[in-house]
Amino acid sequence: MSPKKTKSEPASVFSPELAARFDALVEKYPVKRSALIPMLLYAQDEVGCLTDAVIAEVARRIGITELEVRNVATYYSMLRFKMAGKYNIQVCTNISCMLRGAYEVLDRFREELGIDPNGVTPDGLFSLEEVECIGACCWAPAIQVNYEFHDELKPELVPGILAGYRGIDRDKKKGKAGDA
Ligand code: FES
């Protein structure tokens with residue numbers, strides 16, 4: 001007789017910390033589905049994008065179908081299905097930003113990074129996207145890098161912005177080596 005198998009949950013694609021956060025999140029809302037967008041954002045932050053495994057686990061945790069998760073996820077431009085760079089640069093080229101030089105800013109990012117929109121640098125550090133309004137029209141032209149805004153941009157400010165993120169990355173790596 002073969003050993004009895006106990007039915008267990010499939011292994012999580014998330015870290016134990018994030019899995020615990022999700023457990024708490026689905027309990028927080030009267031309707032579990034209300035946790036969908038925050039869960040997708042947290043999952044994307046940790047995994048890098050919404051992979052099939054991420055979608056399957058989020059659907060299971062909320063108790064809806066994968067198709068329902070995809071239907072919501074495809075609606076929001078901040079959610080993505082393709083890996084982005086560590087620093088995802090979103091350049092708004094909507095009307096206010098466009099009138100104040102957004103395309104010149106975008107071109108400077110392309111030039112500095114050597115990639116086109118939707119591209120990722122070979123070292124995986126940066127990705128570039130052209131996006132619709134990010135709600136910073138009063139300070140156009142504006143960009144968002146992960147959750148950080150930079151506004152009233154000019155092409156000549158682009159190298160400094162990139163250097164800043166490269167510096168953060170270098171400092172973090174140094175910190176890690178020092179901790180070891
Ligand atoms: S048009 Fe660019 S932030 Fe609104």
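Contact, in this talk, means heavy atoms within 4.5 Å. The structure before you is a predicted model, in which local features need pLDDT of at least 70, side-chain atom pairs count only at pLDDT 80 or more, and totals for chains, interfaces and linings use all residues. Residues are numbered from 1 along each chain as its sequence is written, and side-chain values use heavy atoms, with hydrogens and water left out.

I begin with Q44. This residue lies in helix α2; helices (H or I, at least four residues) and strands (E, at least two) are DSSP runs, numbered from the N terminus. Once neighbours within four places in sequence are set aside, Q44 is in contact with C49, L50, M78, L79 and R80. Is Q44 buried or exposed? Its relative accessibility is 4%, so Q44 counts as buried. The term buried means under 20% relative accessible area, exposed means over 50%, and partly exposed lies in between (1.4 Å probe, protein chains only).

Let us stay with helix α2, residues 36-47, which packs with helix α4, residues 66-73, at an angle of about 80 degrees, their axes being 11 Å apart. Therefore α2 is roughly perpendicular to α4. Axes here are lines fitted to C-alpha atoms, for helices over the stretch in contact, and angles run from 0 to 180 degrees between N-to-C directions. Angles under 35 degrees count as roughly parallel, over 145 as roughly antiparallel, 65 to 115 as roughly perpendicular, and the rest as oblique. Which residues meet between α2 and α4? From α2 come L36, I37 and L40, and from α4 come V69, V72 and A73.

With a relative accessible area of 5%, E57 is buried. Beyond its neighbours within four places in sequence, E57 is in contact with A11, S12, V13 and F14.

I134 sits in the loop between β2 (126-131) and β3 (143-145). Its relative accessibility is 18%, so I134 too counts as buried. Where sequence neighbours within four places are left aside, the contacts of I134 are C92, A142, I143, Q144 and F149. How far apart are the C-alpha atoms of I134 and V91? They are separated by 8.9 Å, although the two residues are 43 apart along the chain.

Finally, consider M98, which belongs to helix α5. M98 is partly exposed, its relative accessible area being 36%. Thank you for your attention.
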